[in-house]
Amino acid sequence: MNTSSLNFSSIATLMTANREAQSTIAYDRNQPMTWESFQHNVASLRATLEALDAQRIALCFGNSYLFALSFFACCHAGKSIVLPGNYQPEALKELDEHFDLVLHDTEVMIPTGLSALHVNTSFDSLICEWQALPLANINVTLFTSGSSGKPKAIRKTLKQLDVEVAILDGLWGDKLEGSHIESTVSHQHIYGLLFRVLWPLCSGRPFAAHNLEFPEQIVHFASTETTLISSPALLKRLTEEHQPSALRCVFSSGGPLPNDAANHSQQLFGDYPLEVFGSTETGGIAYRQQLSATQPWTL
């Protein structure tokens with residue numbers, strides 16, 4: 001499949017991508033995380049995980065950079081990944097049959113009784129040697145929202161996620177070229193996993209380590225070099241913001257975006273949000289921009 005980004009890499013070969021050592025992978029406001037650091041962080045955690053018997057690893061992070069390095073460390077250690085949609089203590093206890101070990105950061109409270117490992121950005125000085133990942137053999141388990149009952153486990157392969165990331169870059173890579181990624185959505189769900197972590201990593205676009213939580217933050221950090229990954233829940237709350245500030249692009253998924261919210265976003269940010277329709281089970285299946293209230297979807 002042709003993709004537009006010159007820096008685009010498959011998930012399978014991301015760790016061997018030809019990137020500048022000091023290029024920025026992610027940032028925590030003014031603190032950049034570099035490609036070189038990312039490789040060493042992943043290699044160090046991979047070595048730790050390879051020494052453990054635990055096979056099904058749950059990732060529970062508030063910090064998306066720590067999440068990303070843990071995700072790829074698990075992949076290269078041959079582990080299966082489990083992404084609880086909710087990492088509140090009681091929710092984790094209910095899902096403990098699905099995992100053997102939890103990787104987490106200081107932003108997530110792990111309940112007593114669960115086997116857990118705290119992850120940070122310190123690393124051992126290891127030689128970073130990488131093999132291409134066998135994408136079809138590595139599983140990622142996500143969970144439905146649970147809004148209509150107990151969350152249901154949905155198993156994906158890295159191959160499925162890799163195909164979807166390549167499609168996203170083929171559709172919109174040119175539009176996003178040179179931008180960085182801000183987000184209001186969690187990386188624990190498939191939309192955030194793809195749009196705010198895996199796609200940026202594979203295409204070489206820096207992403208924010210922490211989410212924007214409030215409408216005024218979005219307006220404050222808006223620029224023509226910023227791509228926003230958001231949701232109807234947040235975009236509907238922008239009604240009190242009236243100071244236009246252009247964004248490169250806005251994505252919205254996770255539910256229907258009201259037409260008045262789409263129109264207000266266009267007035268604020270200079271373009272209509274790109275809405276993505278899909279589910280945990282299917283991934284993204286269609287998209288549109290609401291140029292009219294009856295705008296059809298494109299497969």
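Reader: How many salt bridges does the structure hold?

Author: This predicted model holds seven salt bridges.

Reader: What makes R29 and E182 a salt bridge?

Author: The closest N and O atoms of R29 and E182 are 2.9 Å apart, and the limit for a side-chain nitrogen of Arg and a carboxyl oxygen of Glu is 4 Å, so the pair qualifies. R29 lies in the loop between β1 and β2 while E182 belongs to strand β9, and the two are 153 residues apart, so that the bridge links distant parts of the chain.

Reader: Why does the pair D169 and R205 count as a salt bridge?

Author: Their closest N and O atoms are 3.4 Å apart, which is within 4 Å, so the pair counts. Both D169 and R205 are buried, and salt bridges that share partners join D169, E177 and R205 into one network.

Reader: Turning to the rings, why is the pair of W172 and Y287 called edge-to-face?

Author: The ring centres are 5.1 Å apart, within the 6.5 Å limit, and the planes stand at 80°, which is over 60 degrees, so the pair is edge-to-face. W172 sits in helix α4 and Y287 in strand β14, 115 residues apart.

Notes: Residues are numbered from 1 along each chain as its sequence is written. This is a predicted model: local features need pLDDT of at least 70, side-chain atom pairs count only at pLDDT 80 or more; totals for chains, interfaces and linings use all residues. Side-chain values use heavy atoms; hydrogens and water are left out. Rings of Phe, Tyr and Trp (its six-membered ring) pair if their centres lie within 6.5 Å; planes under 30 degrees apart count as stacked, over 60 as edge-to-face and the rest as tilted. Helices (H or I, at least four residues) and strands (E, at least two) are DSSP runs, numbered from the N terminus. Buried means under 20% relative accessible area, exposed over 50%, partly exposed in between (1.4 Å probe, protein chains only).
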